[in-house]
Amino acid sequence: MKALYFETFGSSDVLKYGELPDPVINNQEVLVQTAYIGLNFADIYRRRGGYHIEPNSPYINGYEASGIIIDAEAKHLIGKSVLFVDVPFANAEKVAVPLEKIIFLPDEISLKEAATIGLQGLTADFLVHDLGKNKPKDKAFVTGISGGVGQILAQMLIADGVEVWGSSSAHKAQVALDFGAKKVLSSRHLEWIPDYKGQFDSCYDGVGTTLKASIDLIKNKGQVIFFGMAAGTPPAIDFIELLSQSKSILTGDLWDFLSSFEERKVRSNRLFTYFKEGKIKVTEPHLFALSEGKAAHDFLENGKNVGKILLKP
Ligand SMILES: NC(=O)c1ccc[n+]([C@@H]2O[C@H](COP(=O)([O-])OP(=O)(O)OC[C@H]3O[C@@H](n4cnc5c(N)ncnc54)[C@H](OP(=O)(O)O)[C@@H]3O)[C@@H](O)[C@H]2O)c1
């Protein structure tokens with residue numbers, strides 16, 4: 001099979017594309033022919049060597065793809081459309097996927113849509129429903145509101161009756177205004193922060209370097225839901241200051257919330273329902289051939305994407 005791989009950690013120059021042996025499945029796995037592969041921030045962290053990657057020679061990056069089951073012990077599964085978001089070696093034409101990690105797609109969700117919303121959508125789902133737990137009429141702020149997680153997270157909150165504000169680059173702000181964000185402020189020039197201090201019940205922060213500003217934006221007894229570092233490592237936080245204002249920081253990693261086949265099924269059904277009911281719409285994904293992996297990594301690292309990047313085998 002063809003795959004995108006690397007032998008040493010480093011810049012996007014380490015990426016190679018070529019022929020590798022097909023995976024061999026055991027009786028707990030199915031073989032998936034990938035249709036669309038999700039490229040995520042974690043793939044950049046892994047390629048640089050700063051994040052867990054499954055040992056393999058050579059390394060094959062990627063944990064998310066949609067596709068068709070082409071081999072399985074249970075023959076009735078062959079031909080089914082599926083998604084997975086937490087299985088290694090996804091940057092390839094074929095992936096051995098444990099049955100437990102398979103998410104079967106309903107007819108209304110296409111292979112392209114599934115890969116566009118999979119990882120970011122399931123992340124938004126646990127951030128909103130397990131951590132944030134905002135009530136209707138709450139006021140929430142979403143950093144990077146026009147990004148992959150940001151777009152879905154904000155629309156989930158809006159659908160649940162929450163008033164949503166956010167930050168974004170000026171040229172992406174319209175995306176969020178179009179789906180119903182109340183106001184979008186600059187993500188790059190933060191002079192507006194003092195004017196909005198203490199106004200929000202929750203702030204969802206996946207940018208990282210903005211963590212102190214996010215703490216400022218919430219009311220006393222409010223919460224920051226910290227979930228990523230798209231712009232870099234967050235600053236050190238003074239917990240005594242947090243305590244004196246009864247503010248909380250919640251954190252979470254998607255993989256801790258996808259702990260069984262049943263969890264994946266319940267959470268993906270909840271996510272797909274928002275899309276089936278037309279409550280969430282996302283921007284068209286940026287498509288790159290799997291052989292153009294370096295260009296796709298550069299595009300993501302340089303912040304050129306609006307929403308999801310997909311690799312096409
Ligand atoms: N905890 C989890 O389980 C989990 C799972 C998936 C993803 N994540 C994290 O979620 C975050 C978002 O991921 P994504 O897939 O949605 O990526 P994305 O589509 O690229 O969105 C990232 C957003 O961050 C903003 N950003 C980037 N650099 C910035 C800077 N220097 N200053 C301010 N804003 C900046 C960008 O907004 P503008 O360009 O509009 O400013 C962009 O919209 C990442 O940190 C990722 O690691 C966490």
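**Close-up views of the ligand site and a pocket**

**View 1. Polar contacts between the ligand and the protein.** A backbone N or O atom of Ser169 lies 2.8 Å from an oxygen atom of the ligand, in what is a predicted model. Side chains also take part: a polar side-chain atom of Gln120 is placed 2.7 Å from an oxygen atom of the ligand, and an N or O atom in the side chain of Lys172 is likewise 2.7 Å from an oxygen atom of the ligand. The ligand taken alone exposes 910 Å², of which the protein buries 85%.

**View 2. The shell of residues around the ligand.** The elements that contribute two or more residues to this shell are helix H1 (41-48), helix H2 (111-132) and helix H3 (148-159), and H2 gives the most, with four residues. Both domain 1 (2-105 + 283-312) and domain 2 (120-254) supply at least three residues each to the shell. Among the 27 residues around the ligand, those that come nearest are Gln120, Val149, Lys172, Ser187 and Leu254; divided by class, the shell holds twelve nonpolar, twelve polar and three charged residues.

**View 3. The second largest pocket.** The volume of the second largest pocket is about 200 Å³. Of the 14 residues that line this pocket, Met1, Pro23, Asn56, Ile60 and Phe89 are the closest to its centre. The lining of the second largest pocket is made up of ten nonpolar, two polar and two charged residues.

Terms used
Residues are numbered from 1 along each chain as its sequence is written. This is a predicted model: local features need pLDDT of at least 70, side-chain atom pairs count only at pLDDT 80 or more; totals for chains, interfaces and linings use all residues. Side-chain values use heavy atoms; hydrogens and water are left out. On a 1 Å grid over the protein atoms alone, a cavity is a set of points where a 1.4 Å probe fits but cannot get out, and a pocket is an open set with protein on both sides within 12 Å along at least five of seven lines; lining residues have an atom within 4 Å of a point. Grid points are joined across faces, edges and corners, and a volume is the space filled by probe spheres set on the points. Ala, Val, Leu, Ile, Met, Phe, Trp, Tyr, Cys and Pro count as nonpolar, Asp, Glu, Lys and Arg as charged, and the others, Gly among them, as polar. A residue is near a molecule or strand if one of its heavy atoms lies within 4 Å of it. A polar contact is a pair of N or O atoms within 3.5 Å; within protein, one must be able to donate a hydrogen and the other to accept it, and residues adjacent in sequence count only if both atoms are side-chain atoms. Accessible areas come from the Shrake-Rupley method with a 1.4 Å probe; for residues, only the protein chains shown count as cover. Domain bounds come from an automatic or database domain assignment.
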